[in-house]
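Here is a short tour of a two-chain model, going from overall build to a few single residues. Have the sequence and the coordinates open while you read.

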Amino acid sequence: MSPAAQHTDYNALSDEAFRAEVRAFFERHYPENLRYILRRARWQEMKDWWRMLYEKGWIAPNWPRERGGMGLDASKMLIYAEEIERHGIARPPDQGITQVGPILMQYGTAAQQTFYLPRTLSGEIIWCQGYSEPNAGSDLASLQTTAVADGGQYRVNGQKTWTTLAHDSTHMYLLARTDRQAKKQEGISFFVLDLKTPGITIRPIRNLAGHEEFCEVFFDDARLPRDALVGGLNQGWTIAKALLGFERLNIGSPRRPQYALRRLEMIARAKCLLGDSGFADRFIALKLDIEDLAALYGRFVGQVRRGEPLGPDVSVLKIWAMETWQRLTDLLVEAGAEEGVLSGVREFAGVKADILTSFYYARPATIYGGSSEIQRNILAKHVLKLPS
Amino acid sequence: MTTAEAEPPSNDHRAMLRDSVADFVARAGDVGRARRLRGNAAEYDRAVWRTMGELGWLGILVPAQHGGLGLGLAEAAIVAAGLARGLAPEPYTAAAVLAVEAIAGGDNEEFKQQHLPRVADGSLLPVLAWQERAGEIETSGGETQAAPFEGGWRIGGVKRFISGAAGADAYLVSAATEQGIALFWVERGAPGVTLEIEPLADGRHFGTLRLKDVTVRRGHLVASASVAARAVSLALDRATALCSAELVGVMTRVLDMSLEYMRTRKQFGKAIGSFQALQHRAVDLYIQRELASAVLEEVVTALDRQPDAARRALLASRAKARCAEAGLRITREAIQIHGAIGFTDEYDAGLYLKRAMVLAAWLGNAAWHRRRYSALSAKAGL
């Protein structure tokens with residue numbers, strides 16, 4: 001069990017004191033070589049940091065204190081997330097903390113909670129998300145992987161894909177079809193499973209940046225025990241949808257584009273580009289796009305701080321943050337000219353940068369977490385009230 | 001930070017103000033009134049202006065000791081945006097913001113005592129005459145000269161692009177003196193003063209003021225050379241933010257009109273708002289409006305905390321750069337969304353486009369403000 005967290009009420013601290021404490025800890029303990037990395041960090045790189053946060057009682061800021069979390073309120077959560085961004089701390093495979101934990105606490109049985117929650121905290125169990133399929137991406141509800149009840153077990157057949165860090169994970173949370181007759185959202189159930197179950201094959205997929213971060217996962221008559229089911233049968237869609245708001249706020253944070261902008265500015269300065277009016281015009285427009293993103297972000301943050309739920313309009317933030325980040329990396333490549341297409345970390349008059357990797361990792365930003373087009377559909381329907 | 005977040009009483013009074021501006025605009029005749037007054041040399045309605053004075057709106061930025069309410073830009077922005085939604089032709093930003101701030105920023109206390117209460121109640125309507133060349137927002141006084149003589153000053157020069165000049169009672173004229181730029185009060189129709197008005201896209205006018213050996217008495221030196229440059233640049237920055245608020249009012253109304261049209265207009269047997277190409281286009285306009293209103297809110301709040309001159313200019317430029325760009329884009333695309341009806345004079349969308357064009361150009365367009373922002377932020381090492 002995580003030792004410290006149960007005793008400390010961080011919400012009783014002032015925002016400033018809490019921020020100072022978090023910042024000091026991050027600055028003292030987080031490994032310098034893992035700051036601001038562009039790719040997803042692997043478990044091997046992150047496990048010491050995980051251990052350190054776990055021992056400090058800080059691995060699960062969103063979980064209640066009686067479960068070994070920090071029990072932070074919305075305002076403190078935001079500070080915690082801001083300090084992670086500010087220090088450039090890589091994201092560990094944290095879906096157990098952000099997704100599975102809260103879902104099990106709400107929908108899991110006592111036995112499921114007792115087994116999974118402490119092991120998720122300690123890092124003994126690492127989770128990956130089995131949602132997307134080759135024919136179910138943006139239209140997730142049309143997923144075809146099946147789980148068929150068979151003598152007290154579920155037999156799973158099908159294929160998941162774009163499963164981030166499946167090869168670093170021990171367990172998966174899975175959406176599978178349990179009723180073929182029902183309307184597509186209503187025939188889906190939510191399962192948790194051990195990836196060592198016979199019949200499961202994991203194959204990494206190399207991405208544009210040359211890294212193996214996501215995987216294909218094949219199910220060939222994999223047999224799950226009855227207690228792999230979480231919540232009621234055919235309740236999976238409701239369960240999966242319950243946890244979206246805060247993530248979209250995080251994804252819309254201006255930190256990442258701000259960091260990329262500083263790199264761009266340093267390179268532009270090193271290459272004397274700011275005196276070129278064509279470049280300078282585009283640069284300043286981007287800089288303002290990011291400043292204005294921060295203003296918009298601040299508005300949603302204010303809403304969270306006041307304890308108001310986030311509405312569907314938060315999609316605005318994801319679209320603008322990610323599309324602006326993309327345009328920024330486009331300009332970065334242009335600023336590099338011939339050097340902008342050289343692989344690896346290069347030096348521009350003393351400024352080290354990996355322009356291509358920045359460019360590559362901005363590409364899927366408008367695809368994952370609901371593509372920009374899906375976000376626009378959501379806004380058109382639920383905010384602008386346009387007919388379908 | 002923490003105090004600004006919880007102020008329900010002030011949010012209540014702001015919501016009430018917003019409602020009362022909306023009521024006022026509706027009762028005064030909304031866009032129909034703007035349509036009727038287009039091209040009219042008087043440009044706006046002084047009776048409506050007096051009513052706005054009685055409601056206290058013209059005195060929002062006038063200090064309480066001079067008969068005003070002594071409130072901030074946050075309140076003035078609500079009025080400006082609300083009036084702009086109905087395309088009211090009255091020169092709220094030009095007179096109740098730009099001119100008021102210039103007078104209040106001056107160092108002639110007696111003048112303030114005598115004139116500001118009348119500006120606040122609407123019986124006296126001054127505008128600022130500082131600009132001489134298109135695309136140049138400088139506060140040096142330009143080529144207009146003022147020379148002292150026994151009883152006061154003699155001024156000669158030409159000022160252009162004066163918004164609200166058509167029906168104004170007096171002009172605050174910037175002119176170079178031996179000590180630097182100063183600000184003078186010149187009354188309409190005074191000997192040597194001529195005003196020409198030029199028609200604008202939106203049916204209002206810019207004025208050109210020609211001053212030939214105009215005498216101004218000593219008591220009408222509104223801001224002496226020791227404070228005038230500062231007063232004018234402060235007034236310009238604050239008015240720029242309010243012009244941005246007008247743009248937000250314009251873009252919000254025209255976006256609402258366009259969305260309503262998309263919900264009701266049918267082609268191919270369906271509401272055109274059901275077509276994804278149009279939906280995504282509308283969402284992009286909505287994103288721009290959200291950005292513009294978020295920036296405006298942040299900038300107005302920050303300006304009300306009296307930042308130093310460099311920061312103030314950065315804030316004003318940020319607001320205008322976004323709001324002008326977004327205002328133009330949304331009003332232009334509103335025409336496209338409406339199709340042919342949007343290109344008719346009879347339909348209101350075009351009136352919003354034209355107002356947005358004038359507001360975007362006045363007090364520095366988006367490109368000008370991006371350049372200024374760039375220069376200032378480089379200087380500040382941001």
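Predicted model: local features only at pLDDT ≥ 70, side-chain atom pairs only at ≥ 80, totals over all residues.

A residue is called buried if 20 or more other C-beta atoms lie within 10 Å of its own, exposed if 12 or fewer, and partly exposed in between. Keep that in mind for the single residues further down.

## Chain A as a whole

Let's start with the overall build. Chain A has 12 helices and 10 strands. Its radius of gyration is 22 Å, close to the 21 Å that the globule rule gives for 388 residues, so chain A is as compact as a globular protein of that length. Along the principal axes, the C-alpha trace of chain A spans about 75 × 45 × 45 Å.

How much of chain A counts as buried? The figure is 39% of its 388 residues. As for contacts in chain A with a separation of 6 or more, 73% of them come from residues 24 or more positions apart.

## Domains of chain A

Chain A splits into three pieces: domain 1 covers 5–92, domain 2 covers 127–239 and domain 3 covers 245–383. Take domain 1 and domain 3 of chain A: their centres, taken over C-alpha atoms, are separated by 24 Å. The two do touch, with 9 residues of domain 1 of chain A in contact with 12 residues of domain 3 of chain A. On the domain 1 side of that contact in chain A, you'll find 5 nonpolar, 1 polar and 3 charged residues.

## Two loop residues in chain A

Cys272(A) sits in the loop between α8 (255–270) and α9 (277–305) of chain A. Is Cys272(A) buried or exposed? Cys272(A) counts as exposed because it has 10 C-beta neighbours inside 10 Å, and the cut-off for exposed is 12 or fewer. The backbone is worth a look too: phi of Cys272(A) is near 55°, a positive value in a residue other than glycine. For background, most residues other than glycine have a negative phi.

Asn207(A) is also a loop residue, placed between β6 (200–206) and β7 (212–225) of chain A. With 17 C-beta neighbours inside 10 Å, Asn207(A) counts as partly exposed. Setting aside residues up to four places away in sequence, Asn207(A) touches Glu213(A) and Phe214(A).

## Domains of chain B

On to the other chain. Chain B is divided into domain 1 (2–125), domain 2 (127–226) and domain 3 (229–379). The centres of domain 2 and domain 3 of chain B, taken over C-alpha atoms, lie 30 Å apart. Between them, 15 residues of domain 2 of chain B are in contact with 14 residues of domain 3 of chain B.

Which element gives the most to the side of domain 2 of chain B that touches domain 3 of chain B? That would be strand β5 (residues 180–187) of chain B, with 3 residues. By class, this side of domain 2 of chain B has 8 nonpolar, 5 polar and 2 charged residues.

Phe161(B) belongs to strand β3 (residues 152–163) of chain B. Although Phe161(B) is not a glycine, it has a positive phi of about 55°. Phe161(B) counts as buried, since it has 21 C-beta neighbours inside 10 Å.

Ala104(B) is in helix α6 (residues 92–104) of chain B. Ala104(B) is buried, with 21 other C-beta atoms within 10 Å. Leaving out neighbours within four places in sequence, Ala104(B) is in contact with Val62(B), Pro63(B) and Lys112(B). The C-alpha atoms of Ala104(B) and Val127(B), 23 residues apart along the chain, are separated by 13 Å.

## Where the chains meet

Finally, the interface: 24 residues of chain B are in contact with 22 residues of chain A. On the chain B side, the elements that give two or more residues are α8 (228–264), α9 (276–303), α10 (309–338) and α12 (366–379) of chain B. The largest share of that side, 11 residues, comes from α9(B). Sorted by class, the side of chain B that touches chain A has 12 nonpolar, 5 polar and 7 charged residues.

Key: Residues numbered from 1 in each chain as written. Chains lettered and ligands numbered in written order. Domains from an automatic or database assignment. Contact = placed C-beta atoms within 7 Å. Nonpolar A, V, L, I, M, F, W, Y, C, P; charged D, E, K, R; others polar. Helix = DSSP H or I, 4+ residues; strand = E, 2+ residues; numbered from the N terminus. Rg over C-alpha atoms; globule rule 2.2 N^0.38 Å.
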